[in-house]
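Q: Could we go through this model together? I'd like to talk about its packing and its strands.

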Amino acid sequence: ARRGPTADRRRRINRPQPKPSKMSGFWGLVVKPGSKPTPLRNQPGEMVMVLKQAALAPTSKVAAETSVLSISVGPDINERFVLCHLTPGKSEQWSIDLGFGPDEEVHFHLTGKCAVHLTGFYEMDDDDDDDEDDDDDDDD
């Protein structure tokens with residue numbers, strides 16, 4: 001018997017789909033200029049946070065001054081690393097790809113007069129225990 005495209009499609013639909021092993025979602029944070037650093041998290045978590053973009057706040061077109069976004073990782077908030085320089089009308093957003101583990105202490109610092117919106121996603125691995133069990137099975 002000849003199978004047509006419909007039979008192939010039915011076969012694909014009936015296959016069980018693998019369950020995603022990670023939960024993820026969007027997060028956003030507004031960093032305001034000033035001397036007080038903005039923490040990535042307000043409380044410890046179990047999630048990996050991934051920073052994907054920094055963008056000037058929509059109201060920042062009024063000021064033409066460059067805003068400099070920097071980061072400190074760990075207990076020493078005075079050790080900072082520059083992530084980007086954002087200037088209204090020239091460079092208003094910047095792509096970033098940085099991940100931060102659940103135990104990392106992360107603070108953002110901003111100089112200039114314009115607030116910056118940070119966006120990204122978080123991930124939490126549901127199968128941490130299953131992965132450890134798989135490793136034990138491999139030893140046998």
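What follows is a short chat about the core, the cysteines and a sheet.

A: Before we start, this is a predicted model, in which local features need pLDDT of at least 70 and side-chain atom pairs count only at pLDDT 80 or more, while totals for chains, interfaces and linings use all residues. Residues are numbered from 1 along each chain as its sequence is written, and side-chain values use heavy atoms, with hydrogens and water left out.

Q: Which residues touch the most other members of the largest nonpolar core?
A: Within that core of 21 residues, they are L51, A54, L69, F108, V116 and L118; a nonpolar core here is a set of buried Ala, Val, Leu, Ile, Met, Phe, Trp, Tyr and Cys residues joined through side-chain atoms within 4.5 Å.

Q: And which element gives the largest share?
A: β3 does, with four residues, where strands are DSSP E runs of at least two residues, numbered from the N terminus.

Q: What does F108 touch?
A: Leaving out residues up to four places away in sequence, F108 has contacts (heavy atoms within 4.5 Å) that include L29, L51, L69, L83 and L118.

Q: Switching topic, how many disulfides are there?
A: Zero were found in a search of the whole structure, taking a disulfide as a pair of cysteine sulfur atoms within 2.5 Å.

Q: Why does C84 count as buried?
A: Because its relative accessibility is 4%, and buried means under 20% relative accessible area with a 1.4 Å probe, protein chains only.

Q: What about the order of the open sheet?
A: Its four strands run β2-β7-β4-β5 with antiparallel pairing, pairing being at least two DSSP bridges between two strands, and β4 and β7 share six bridges.

Methods:
Buried < 20%, exposed > 50% of the residue type's maximum accessible area, 1.4 Å probe, protein only.
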